[in-house]
Amino acid sequence: MAVAIAVENLSKKYIISHQPRERYTALRDVLTNGAKRFAKKLAHPFARPEDDATQETFWALKDINFHIQQGDRVGIIGRNGAGKSTLLKILSRITAPTSGRIKIRGRVSSLLEVGTGFHPELTGRENIYLNGAILGMGNAEIVRKFDEIVAFAEVEQFLDTPVKRYSSGMYVRLAFAVAAHLEPEILIVDEVLAVGDAQFQKKCLGKMEDVGREGRTVLFVSHNMGVISQLCPTCVWLEKGRIRDIGQTESVVNAYMLNGVASLNGEMAFPDDLKKAAQLKNISLLDRNGNVAQKFDCDNPIHIKFEIEIRKQLPGLYGYLAIFKPDGTHVLESDSFDAMTVNPLDNLPIGINTFKVTMPPRILGHGEYVIYFSMACPSADNFNVDVPGIVCGFTLDDFSSKRGNQRLGFFSTLLVWSKPER
Amino acid sequence: MQTDELIIEADSTERHYWKDLWRYRELFYFLAWRDVLVRYKQTAIGIAWALIRPLLITVAFVFVFGKLAKLPSDGVPYPILVFAALLPWQFFANAFAEAGNSLIANANMISKVYFPRLVVPASAVIVCLVDVLISGVLLIGLMLWYGMVPDWRIVTLPLFLAHAVVAAMGTGLWIAALNVQYRDFRYIIPFVVQFGLYVSPVGFSSAIVPDQWRLLYSLNPMVGVIDGFRWAILGGENHLYWPGMALSLALVLVIAITGVWYFRKMEKSFADVI
């Protein structure tokens with residue numbers, strides 16, 4: 001396999017100026033600052049030029065190295081500001097690197113935003129042509145794919161309506177449809193699937209998977225670990241402009257999630273993966289009122305609600321749940337055999353099944369935790385039926401006991417203190 | 001599909017530039033087409049705007065310079081003298097303004113998609129040619145009305161039009177690139193357009209400028225362009241002032257070449273600062 005993208009020692013520096021509140025430089029500021037500096041120089045001709053306090057350099061990317069093979073699908077994860085978008089912008093030649101070198105083999109198309117260049121006054125038809133040209137399609141190519149694009153976007157009746165009259169859903173569908181029909185050898189996609197309704201998202205994901213299956217290289221940025229896990233076998237984790245980890249998606253994503261509960265929600269949904277005989281579709285943490293929450297207190301139970309889709313009856317299927325501290329300390333382990341009487345996941349009917357796991361109050365101490373979940377079945381073709389890994393995070397506060405959040409140790413269990421009977 | 005290898009380095013994103021510019025020619029057509037469509041889409045009288053504006057200015061100038069100031073008209077009807085100059089001037093003013101603002105107007109595209117940025121101001125200039133063509137029809141109508149038939153010189157008109165295009169492109173590129181960095185330049189655009197109308201020989205013939213000042217007057221590159229248009233369209237006794245023409249051509253070329261150079265130099269940082 002040939003290397004599609006080789007990135008060597010890539011760095012990108014931005015200069016942030018603190019003083020001007022405006023987004024852009026005004027000539028007047030440049031002139032007045034220049035004049036000030038000149039006046040200072042006249043007053044103190046031998047003073048060393050001082051550092052400009054209003055400016056600060058910021059390395060959005062620093063010494064990035066990686067190789068991507070042809071046909072690989074690679075996810076890029078990281079917090080906001082980790083440099084993901086900058087990396088994509090450099091790869092798609094929108095901005096130039098400060099130093100380093102990238103070698104790319106093949107035609108690149110990048111989709112950093114859905115609907116770039118769409119003009120509200122123009123009709124759907126006109127925008128398809130315009131957007132196609134902007135994304136680098138030739139006229140002949142657009143003509144050839146026109147019907148396919150329209151069918152994918154489901155906007156047949158509105159083709160000759162200006163897109164300003166479109167609903168936001170229609171707008172996004174049309175925009176994505178154009179982009180989805182690009183035929184590059186390398187496709188670079190920023191978080192664009194976060195838009196549109198769930199059904200259309202599913203369609204987009206399917207399209208992206210097709211692109212990957214056709215042997216094209218895909219680079220994909222997302223905050224949705226479920227989507228990343230499904231779409232990309234390999235994953236790059238960026239942190240503060242550097243590569244923190246790179247490798248198999250499962251391990252990278254788990255390490256990333258463990259790294260910060262802040263990046264986790266009290267809820268997570270997963271796109272369909274029809275290869276799995278049983279799949280976790282949705283997990284949510286509920287407070288005692290049944291609302292999805294991420295912050296809990298020690299005095300109330302935490303309900304973990306699972307929605308599991310069964311596609312094939314699996315005798316002996318069981319669920320496994322573990323709770324970790326963000327540093328990786330394994331705090332608690334439980335599986336569906338804990339139900340004692342009968343394993344509730346055993347031999348479920350096909351369809352969506354809902355479960356609840358309840359953690360009684362006053363068990364864990366205050367702090368941050370993450371939840372790991374997986375399902376296994378000894379009788380299935382694949383023992384590990386579904387391994388979503390770390391799916392949720394929550395924080396616990398101890399409000400009621402005297403020591404409260406000062407309490408040390410792993411547990412918040414209140415021991416029984418009593419006076420001996422006389 | 002051929003596999004072309006691309007190397008991105010700090011200073012050499014340039015190698016494929018001109019080839020890329022050619023590859024993105026369709027984007028260039030589409031942007032121009034979009035701007036033409038959008039310009040007239042929500043207007044009640046649409047294309048007629050391209051006729052009404054120059055017509056009204058012509059009426060005003062004929063009244064002020066021809067009737068009130070009684071300036072000479074080189075033996076042609078005053079409206080035609082004015083209109084023949086207004087054609088290149090309006091083109092220049094529009095193209096310069098559109099090109100100068102084009103990058104800012106397309107900021108979103110520039111920060112999200114790669115393409116040679118030269119496409120944007122270039123297509124803005126081309127769009128303004130459409131207006132020239134429409135106004136040109138009006139000029140033909142006026143000339144028919146006055147019973148004027150252009151002589152052989154009319155075939156040189158495309159050369160002078162090219163001269164105007166290069167002038168608008170060069171100045172437009174400078175302003176567009178500067179405008180991204182320093183937004184002050186958007187205030188310069190209307191000023192240049194307004195001021196230029198007075199210092200260019202639009203409402204009067206440049207023959208009224210005393211001979212010893214003629215070369216100095218030609219430092220305004222639009223003087224050469226406008227004189228050229230008049231020479232080609234009006235024919236007859238209209239003489240071309242060659243030193244001024246040469247000076248204008250040289251200036252325009254220098255502005256255009258440095259404009260492209262400066263634009264290319266700044267282009268890499270457009271997405272970062274826009």
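In the predicted model, residue E154(A) is found in the loop that runs between helix 4 (139-153) and helix 5 (168-180) of chain A. The phi angle of E154(A) is positive, near 55°, in a residue other than glycine. Most residues other than glycine have a negative phi. E154(A) has a relative accessibility of 40% and therefore counts as partly exposed. A positive phi is also found at K240(A), where the angle is about 50° although the residue is not a glycine. K240(A) is placed in the loop between strand 8 (234-239) and strand 9 (242-248) of chain A. Because its relative accessibility is 70%, K240(A) counts as exposed. A further positive phi, near 65°, belongs to R93(A), which follows helix 2 of chain A.

Helix 2 of chain A is itself largely enclosed by the rest of the structure, because seven of its eight residues are buried. The buried residues of this helix are K84(A), T86(A), L87(A), L88(A), K89(A), I90(A) and L91(A). Residues count as buried when their relative accessible area is under 20%.

The overall features of chain A give the setting for these local details. Chain A contains eight helices and 18 strands. Taken along the principal axes, the C-alpha atoms of chain A fill a box of roughly 90 × 70 × 45 Å. Of the 422 residues in chain A, 49% are buried. The accessible surface of the chain comes to about 21,300 Å², and carbon and sulfur atoms account for 52% of this area. Among contacts in chain A with a separation of 6 or more, 72% are between residues 24 or more positions apart.

The interface between the two chains was examined next. The size of an interface is often given as the accessible area lost when the parts come together. Between chain A and chain B, the buried area is about 4,200 Å², with 58% of it given by carbon and sulfur atoms. In terms of residues, 48 from chain A are in contact with 40 from chain B. Six residue pairs are in polar contact between chain A and chain B, counting pairs with both residues at pLDDT 80 or more. The count of salt bridges between the two chains is one. This salt bridge is formed by the side chains of K12(A) and D272(B), with a distance of 2.9 Å from N to O. On the side of chain A that touches chain B, two or more residues each come from strand 1 (3-17), helix 1 (27-43), helix 2 (84-91), strand 4 (99-105) and helix 3 (124-134). Strand 4 of chain A gives the most to this side, with seven residues.

V82(B) has its place in helix 4 (residues 78-105) of chain B. With a relative accessible area of 0%, V82(B) is buried. When neighbours within four places in sequence are left aside, V82(B) is in contact with T58(B), F61(B), V62(B), V202(B), G203(B) and R230(B). The C-alpha atom of V82(B) is separated by 8.9 Å from that of P201(B), although the two residues are 119 residues apart along the chain.

The second residue, E267(B), lies in helix 11 (residues 242-267) of chain B. E267(B) counts as buried because its relative accessibility is 8%. The side chain of E267(B) is joined to that of R264(B) by a polar contact of 3.0 Å. An α-helix has 3.6 residues a turn, so residues three or four places apart point the same way. Apart from residues up to four places away in sequence, E267(B) touches Y17(B), P116(B), R117(B) and L118(B).

The surface of chain B also carries a nonpolar patch, formed by I45(B), W49(B), I52(B) and L56(B). Together, these four residues have about 370 Å² of accessible area. I45(B) lies in the loop between helix 2 (25-41) and helix 3 (49-68) of chain B. The relative accessibility of I45(B) is 42%, so this residue counts as partly exposed.

Terms used: Residues are numbered from 1 along each chain as its sequence is written. Chains are lettered from A and ligands numbered from 1 in the order in which they are written. Side-chain values use heavy atoms; hydrogens and water are left out. Patches are made of residues with over 30% relative accessible area and no salt bridge: like charges are joined within 9 Å, nonpolar side chains (Val, Leu, Ile, Met, Phe, Trp, Tyr) within 5 Å. Accessible areas come from the Shrake-Rupley method with a 1.4 Å probe; for residues, only the protein chains shown count as cover. Helices (H or I, at least four residues) and strands (E, at least two) are DSSP runs, numbered from the N terminus. Buried means under 20% relative accessible area, exposed over 50%, partly exposed in between (1.4 Å probe, protein chains only). Contact means heavy atoms within 4.5 Å. Buried area is the accessible area (1.4 Å probe) that two parts lose on being put together, summed over both. A polar contact is a pair of N or O atoms within 3.5 Å; within protein, one must be able to donate a hydrogen and the other to accept it, and residues adjacent in sequence count only if both atoms are side-chain atoms.
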